[in-house]
Amino acid sequence: MKATILHAPRDIRLDEVTDPTILAPTDAIVRVVAACVCGSDLWNYRGINDVTGPTAIGHELVGVVEAVGPDVRSLRAGDFVISPFTISDNTCPHCRVGMQTACDNLAYFGTADRQGRPFGAAQAEYVRIPLADGTLVALRDQPDEAMIPSLLALADVMGTGWHAAVSANVREGDTVAVVGDGAVGLLGILAAARMGAERIIAMSRHADRQALARRFGATDVVAERGADGAARVHDLTDGIGADAVLECVGTGDSIDQAFACARPGAMVGFVGVPHGVQPPVERMFRKNIGLAGGMAPVRQYLPQLRDEVLAGVIEPGLVFDLTLPLAEVAQGYAAMDERRAIKSLLRP
């Protein structure tokens, strides 16, 4: 089969690899219907994270179950499934309180399960899913083709934006500032709107992303960055600042901007993968600004978000503005790297 392999920084290839097979009784083999490129994939693609050799890449997929191991109880061949971006058993003490990304049997696509058995990544034709009962979320019926992008968005970015809003304790009537206009930030806007925020300030300087932010529920757009951006947020809020701030980038500058936008007593929900981040503890202490968040437990939110997509309540798939065949995966990475695309969808 074909699978996407990162060989070196900015060297993405679609290689021939061995077809996956059932290696454990709790496995499922899934035929990938759609996958995508994530902003966090770009950290590896750009060489910001070390690339030590050819590595399977990609962690977002929807697909159809081809086969299951003898211990799989909730799935069968032919089921359409959404996979969150991490593997979890959904039964351990951490999973039971909704922290599946801290699962005792946590595993990541393109690595190995806890027993050391390797499994591939999502930007491929097929993938082995360990702990299939705990990881995969099935649909009652086969979805319409038009819904596939929005269902795919639930594998990571919609749930991650949702987690940012949950972590920031967004409540009805709040003023929310969102730092970051990538797919996660845009869907954080959608999440804040669903939670009843009255005013949502999108921090973006790209016209296409600003337009999508408004479609998802943003009431204001701030194009300035850094201290100028924070000053603009304070201007819009009569000098008070935002009740809740969603930090959806993961850099030191974005964290600083998030805290500068927050009013005293606010919460900052952070979900950007941190690179060179030091929280401003002195400011947190003096202004009573809280910080919560981290790697989103997407599996916890998936059933609710799946039902909202199927009911037509939300359409997170609008973040996909480039669709390519898997054979052109390198172009999908380049387009996101060069900010010519918000998010690239791949069809095997």
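Student: Why does S254 count as buried?

Tutor: Its relative accessible area is 6%, and buried means under 20%, with exposed over 50% and partly exposed in between (1.4 Å probe, protein chains only). So S254, at 6%, counts as buried. Before we go on: this is a predicted model, where local features need pLDDT of at least 70, side-chain atom pairs count only at pLDDT 80 or more, and totals for chains, interfaces and linings use all residues. Residues are numbered from 1 along each chain as its sequence is written, and side-chain values use heavy atoms, with hydrogens and water left out.

Student: Where is S254, and what is it in contact with?

Tutor: S254 sits in helix 9; helices (H or I, at least four residues) and strands (E, at least two) are DSSP runs, numbered from the N terminus. Apart from neighbours within four places in sequence, S254 is in contact (heavy atoms within 4.5 Å) with V179, E247 and V249.

Student: What makes the pair of Y45 and Y333 tilted?

Tutor: Searching the whole structure gives two aromatic pairs. Rings of Phe, Tyr and Trp (its six-membered ring) pair if their centres lie within 6.5 Å; planes under 30 degrees apart are stacked, over 60 edge-to-face, and the rest tilted. The ring centres of Y45 and Y333 are 5.1 Å apart and the planes stand at 35 degrees, so this pair is tilted. Y45 is in helix 1 and Y333 in helix 12, 288 residues apart, and the pair links these distant parts of the chain. Y45 is buried at 6%, and Y333 is buried at 0%.

Student: And why is the pair of F109 and F119 called edge-to-face?

Tutor: Its planes are 65 degrees apart, with 5.9 Å from centre to centre, and that angle falls in the edge-to-face class. F109 and F119 both lie in the loop between strand 8 and strand 9, so the pair ties together parts that are ten residues apart in sequence. F109 is buried at 9%, as is F119 at 6%.

Student: How do you know that helix 5 is roughly perpendicular to helix 11?

Tutor: The two helices pack at about 105 degrees, with axes 9 Å apart. Axes are lines fitted to C-alpha atoms, for helices over the stretch in contact, and angles run from 0 to 180 degrees between N-to-C directions. Under 35 degrees is roughly parallel, over 145 roughly antiparallel, 65 to 115 roughly perpendicular, and the rest oblique. That makes helix 5 roughly perpendicular to helix 11. Among the residues that meet are W162 and H163 in helix 5 and Y301 and L305 in helix 11.

Student: How do you know that the buried residues of helix 8 line one face?

Tutor: Those residues are G229, A230, V233, H234 and L236. Seen down the axis they fall within an arc of 160 degrees, so they line one face of helix 8; the arc is that of the directions from the helix axis to the C-beta atoms. On the other side, A227, D228 and D235 are exposed. The cover over the buried residues of helix 8 includes strand 12, strand 13, helix 9 and strand 15.

Student: Why is R339 called partly exposed?

Tutor: R339 has a relative accessible area of 42%, so it is partly exposed. R339 belongs to the loop between helix 12 and strand 18, and its phi is positive, near 60 degrees. Most residues other than glycine have a negative phi.
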